[in-house]
Structures are given as C-alpha cells and as structure tokens.
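Hi,

Here is the structure I said I would pass on. Please have a look, then read my notes below.

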Amino acid sequence: MDWHAQAAGVLAATETMLRHAEAQDWSSLAEAEAGRKPALARLLPAPAAVDPAAVLAFIEAVLASDQRTARLVGESRDEAGQALRGLMAAGHARRAYGGA
C-alpha cells in the first residue's frame, strides 16, 4: 500500500477518534487510538519520494483533529471532576449532620 493510501486510513481513524470523543465513547476512543498508533508510526518519517506539501497537510490535519479530540476529553474530564467534587461534598454534609 502506498504512503497516500496509508495516510488516508490514518486520517479516517483520526476522524473516527474525534467522533468517539464527541459521543463521549471513551473506550472506543482508546481502542481507535491504539489501532491508529502503529499505522501513524509507519508513515513518519515519510519516504523522500512523497511530496513534502502532502506530508505537511497530513500532519496538520492529524494535529487539528487531535487538538479537537483532546479539548473534548479535557472538557469531559473537568465535568466528571466537578460531579465527583459535588458528590463528595454531599457525602461530607450528610456525615456532618448525622446522616448515613
């Protein structure tokens, strides 16, 4: 398989990861990332015969999608942390006032 076809597969996997993050499907996101990692490693560094502009466009597309995915993961992590803090505060309050 040539570099461009492999790059298209990695870009498709990258977009799949973003869709999983948008759906907050974290286990599928982790699986997709694990599958993408070796394919991405095979692509870079790119062979000298590949147009540098194509390589740059590929890298920029992967980075842009990964940044969006990371932002969604971070937002979800922050929301989960806030929810956990709220649950812990409620538990402390129940114990302080003699609750179970």
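**What I found**

Of the 100 residues in the chain, 25% are buried. Keep in mind that this is a predicted model.

Fold first. The chain has three helices and zero strands. Along the sequence the pattern reads α-α-α. Take the contacts between residues at least 6 apart in sequence: 71% of them join residues at least 24 apart.

Now the cores. The largest nonpolar core has 10 residues: Trp3, Ala7, Val10, Ala39, Leu40, Leu43, Val50, Val55, Phe58 and Val62. Helix 1 (3–22), helix 2 (26–43) and helix 3 each contribute at least two residues to this core. Another core, of six residues, lies apart from it, and Met17, Leu18, Ala21 and Leu72 are among its members. As background, nonpolar side chains in soluble globular proteins tend to be buried together.

Two residues are worth a click. Leucine 43 belongs to the largest core. Setting aside residues up to four places away in sequence, leucine 43 touches Trp3, Gln6, Ala7, Val10 and Phe58.

Serine 65 sits in helix 3, which spans residues 52–96. Is serine 65 buried or exposed? Its relative accessible area is 0%, under the 20% cut-off, so serine 65 counts as buried. Beyond its neighbours within four places in sequence, serine 65 contacts Thr14, Glu15 and Leu18. Leu18 is also one of the residues in the six-residue core.

Last, the surface. The chain's accessible surface is about 6600 Å². Carbon and sulfur atoms account for 62% of that surface.

Best wishes

Definitions and conventions. Residues are numbered from 1 along each chain as its sequence is written. This is a predicted model: local features need pLDDT of at least 70, side-chain atom pairs count only at pLDDT 80 or more; totals for chains, interfaces and linings use all residues. Side-chain values use heavy atoms; hydrogens and water are left out. Helices (H or I, at least four residues) and strands (E, at least two) are DSSP runs, numbered from the N terminus. Buried means under 20% relative accessible area, exposed over 50%, partly exposed in between (1.4 Å probe, protein chains only). Contact means heavy atoms within 4.5 Å. A nonpolar core is a set of buried Ala, Val, Leu, Ile, Met, Phe, Trp, Tyr and Cys residues joined through side-chain atoms within 4.5 Å. Accessible areas come from the Shrake-Rupley method with a 1.4 Å probe; for residues, only the protein chains shown count as cover.
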